[in-house]
Amino acid sequence: KHRELLDAAHIIADSLPKGAPIVPNGLCLCKIHHAAFDQNIVGVSPDYIVHVRSDILTEIDGPMLRHGLQGLHREKLVIPSRKKDRPDPERLESRFKEFQEAS
């Protein structure tokens, strides 16, 4: 409900090939999840499933960690109904490999 808390996150950085500033190269995330995605704390697989890094899943800290990050593990993203507006699975696959290597 608060658009001012949302960010457009690049799946592939715009400085890289396939990193064009286009809708299929993006995810709409809140600022915390955008930072977590950029730092490979969370990743999104090509089937739009959110994954949380294993060390974060076992960490004990408080409700923000438990509900804001750990609680997202294995959840499916809400994706646009129009196929052309969805995050590109090929870009997600490439970025997800990076997430897996960081895990």
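Me: Is glycine 71 buried, exposed or something in between, and what is its relative accessible area?
Reply: Glycine 71 is partly exposed, with a relative accessible area of 40%, where buried means under 20% relative accessible area, exposed means over 50% and partly exposed lies in between (1.4 Å probe, protein chains only). This is a predicted model, in which local features need pLDDT of at least 70 and side-chain atom pairs count only at pLDDT 80 or more, while totals for chains, interfaces and linings use all residues. Residues are numbered from 1 along each chain as its sequence is written, and side-chain values use heavy atoms, with hydrogens and water left out.

Me: Where does glycine 71 lie?
Reply: Glycine 71 lies in the loop between α3 and α4 (89–102), with helices (H or I, at least four residues) and strands (E, at least two) taken as DSSP runs numbered from the N terminus. Its C-alpha atom is separated by 18 Å from that of serine 103, and the two are 32 residues apart along the chain.

Me: How many helices and strands does the chain have, and in what order do they run?
Reply: The chain has four helices and four strands, and from the N terminus on they run β-β-α-β-β-α-α-α.

Me: What about overall dimensions, what does the C-alpha trace span?
Reply: Along its principal axes the C-alpha trace spans about 40 × 35 × 25 Å. The radius of gyration of the chain is 13 Å, which agrees with the value near 13 Å for a compact globule with 103 residues; the radius is taken over C-alpha atoms, and the globule rule is 2.2 Å times the number of residues to the power 0.38.

Me: Switching to the inside, which residues touch the most other members of the largest nonpolar core?
Reply: Leu27, Phe37 and Val42 do, in a core of 15 residues; such a core is a set of buried Ala, Val, Leu, Ile, Met, Phe, Trp, Tyr and Cys residues joined through side-chain atoms within 4.5 Å. The elements giving two or more residues to this core are β2 (26–30), α1 (31–38), β3 (42–44) and α3 (63–69).

Me: And what does valine 42 touch?
Reply: Not counting residues up to four places away in sequence, valine 42 touches His33, Ala36, Phe37, His51, Val52, Leu69 and Phe99, a contact being heavy atoms within 4.5 Å.

Me: Okay, backbone now: what is phi of lysine 18, and of tyrosine 48?
Reply: Phi of lysine 18 is near 70 degrees, a positive value in a residue other than glycine, and phi of tyrosine 48 is likewise positive, near 70 degrees. Lysine 18 is found in the loop between β1 (6–10) and β2, whereas tyrosine 48 is in the loop between β3 and β4 (50–52).

Me: Which of the two is buried and which is exposed?
Reply: Lysine 18 is exposed, with a relative accessible area of 54%, while tyrosine 48 is buried, with a relative accessible area of 10%.

Me: One more residue, where is arginine 53, and is it buried or exposed?
Reply: Arginine 53 is in the loop between β4 and α2 (54–58), and it is buried, with a relative accessible area of 17%.

Me: What is arginine 53 in contact with?
Reply: Leaving aside neighbours within four places in sequence, arginine 53 is in contact with Gln39, Asn40, Ile41, Phe99, Ala102 and Ser103. Arginine 53 and histidine 73, which are 20 residues apart in sequence, are 8.8 Å apart in space, C-alpha to C-alpha.
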